[in-house]
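This briefing is written to be read alongside the sequence and coordinates shown next. It covers nonpolar cores, helix packing and a few individual residues, in that order.

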Amino acid sequence: ASTVLPSDKHASTLFNVSHSHSLDDAALEAEVNGNWTPQEKALHEARLKAKAKRRVRKSSSRSESLSESLSGELADGDSYSSKGKVPVPNDRKSRTGKGRGLPKKGGAGGKGVWGAAGMVYEVEEPDVKDPNYDEVAQGDTVYATVVPEVDERELEKTVNPIVREYFEHGDTKEVQMLLKELNLGHHKYEFSSLAVSLSLEGKASHRELTSRLLRDLVGKVLSESDMARAFDKILKELPDLMLDTPEAPQMLGQFIARAIADHALPMAFLDRYKGKVDCDHARAALDRAAVLLSMKREMVRLDNVWGVGGGLRPVKHLVKEMNFLLKEYLVSGEVKEAERCLRDLEVPHFHHELVYEAVVMVLESKGDTAVKMCKLLQAFWKIGLITVDQMNRGFQRVYDELPEINLDVPHAHSIMESFTDLCYQESVITKQLRDSCPSRGRKRFVSEGDGGLIKN
């Protein structure tokens, strides 16, 4: 077996490079145009020579590296050198000669390949610490929705829209459903304190709705201890609440009394504060609650503690309140007080009842009642408290029931005509409403010579 020595290999490489260089020069000489100038021809030849030198330098350095690696293998006595083979740069086979010549991974390798075709993996024992632990081995899987706890800084932003929306619809069940979806955590009691604080700034009907909400939440979403913590917090914040609501102590006392009567607060809530209150405002609120509970001890609930209820109150109660309002006005003559009482009822859709009751009182009474009622209706008309629709509807109800009223009041038609004329002169009603007032036709008996006939 013959072995190619590094020196012979180097010489043969140089011979091949020089030979190829001479052939390239000859080809280039043949392609040179005869129109070139001597300077262009000399420049072209210089470029070719420089290119040839770079090729020779590059191939000589490569052959030297190969010869050094080959000489090292020969010195170690590698079995691979006995075959007379030179390693190829991009060959994937083992360069140390230790491989068996088999493909990698048994031919099952490659990009995006899990294994050889038809390969079946063995069943592995489940690992308890494995996040993909076998469902069968660990029992029934329970899927639960984890709701993060509401941050204390975001609590007010989350609760305020719920309470304000409740003031519009008045549905306590919807509030319960929304609170169950939230994770208030240990700040759950603060919902009650925020609701009471918002109602103190609102109307009396809002406070009535808040009392009902606190009653319905106890035992379902909140406990009595949570409610007690909420009122403890409100009592501490009472000086700050008075900046916006000066009547806050009296209102808070009514809230406490109503909550105790509704069994939303424990009965011993007031007893805990006896002799332990330093704030004068908190003491006033607790005293107010104690007085209300002592007065209403026999009542199960203080339903009328707020005195209003808007459309949530029975119609009979509203009619009674309006009758009392008108009678009080006839005695005192205070238009402002009557206006305040009517606004507190918060039933603008039911103001036609006030007009109806006022006109009926004029028909059933004597004296200057008609003038006072006209003055009251005129005041309500000017400030816009009673709209034209409510005014027309109230008078029309009296027109429709005038035949029945005439049975008790014989001169009802004449009184009605004079009152509508007075209201029209004071710009309380329209001309069309005045003209639609019914009038009873007058009939008279003629003399006997006419045959006893009745003429119109």
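Leaving aside residues up to four places away in sequence, Leu252 touches Val196, Phe231, Ile234, Leu235, Leu238 and Ala285. The model in which these contacts are found is a predicted one. Leu252 is also among the residues with the most contacts inside the largest nonpolar core, and that core is taken up in the points that follow.

**Nonpolar cores**

- The largest nonpolar core has 49 residues, and those with the most contacts inside it are Phe191, Phe231, Leu235, Leu252, Ile256, Leu265 and Phe269.
- Two or more residues of this core are given by each of helix 4 (152–169), helix 5, helix 6 (190–201), helix 7, helix 8 (224–236), helix 9 (238–244), helix 10 and helix 11.
- Helix 10 supplies the largest share of this core, namely eight residues.
- As general background, nonpolar side chains in soluble globular proteins tend to be buried together.

**Helix 6 against helix 10**

- Helix 6 and helix 10 pack with their axes 11 Å apart and at an angle of about 130°, and the two helices are therefore oblique to each other.
- The crossing of helix 6 and helix 10 is right-handed.
- On the side of helix 6 the contact is made by Val196, Ser199 and Leu200, and on the side of helix 10 by Ala248, Met251, Leu252 and Phe255.
- By class, the residues of the contact of helix 6 with helix 10 divide into six nonpolar and one polar, with no charged residue.

**Helix 5 against helix 7**

- The axes of helix 5 (residues 172–181) and helix 7 (residues 204–217) lie 10 Å apart, and the two helices pack at an angle of about 55°, which means that helix 5 is oblique to helix 7.
- Helix 5 passes helix 7 in a right-handed crossing.
- Thr172, Val175, Gln176 and Leu179 of helix 5 meet Arg212, Leu213, Asp216 and Leu217 of helix 7, and the residues of this contact divide into four nonpolar, two polar and two charged.

**Helix 12 against helix 14**

- Helix 12 (residues 315–332) packs with helix 14 (residues 351–364) at an angle of about 50°, with the axes 10 Å apart, so helix 12 is oblique to helix 14.
- The crossing of helix 12 and helix 14 is right-handed.
- Helix 12 contributes Val319, Met322, Asn323, Leu325, Leu326, Lys327 and Leu330 to the contact, while helix 14 contributes Glu353, Leu354, Glu357, Ala358 and Met361.
- The contact of helix 12 with helix 14 has eight nonpolar, one polar and three charged residues.

**Individual residues**

- Arg340, which is found in helix 13 (residues 335–345), counts as partly exposed at 42% relative accessibility.
- Arg340 and Leu325 are 15 residues apart in sequence, and their C-alpha to C-alpha separation in space is 10.0 Å.
- His263 has a positive phi of about 65° although it is not a glycine; His263 lies in the loop between helix 10 (248–261) and helix 11 (280–295), and with a relative accessible area of 53% His263 is exposed.
- Ser427, also a residue other than glycine, has a positive phi near 60°, and its place is in the loop between helix 17 (412–425) and helix 18 (431–435).

Methods: Residues numbered from 1 in each chain as written. Predicted model: local features only at pLDDT ≥ 70, side-chain atom pairs only at ≥ 80, totals over all residues. Heavy atoms only, no water. Axes fitted to C-alpha atoms, helices over the stretch in contact; angles between N-to-C directions. Helix = DSSP H or I, 4+ residues; strand = E, 2+ residues; numbered from the N terminus. Parallel < 35°, antiparallel > 145°, perpendicular 65-115°, else oblique. Left-handed = near helix turned anticlockwise from the far one by under 90°. Contact = heavy atoms within 4.5 Å. Nonpolar A, V, L, I, M, F, W, Y, C, P; charged D, E, K, R; others polar. Buried < 20%, exposed > 50% of the residue type's maximum accessible area, 1.4 Å probe, protein only. Core = buried A, V, L, I, M, F, W, Y, C linked by side-chain atoms within 4.5 Å.
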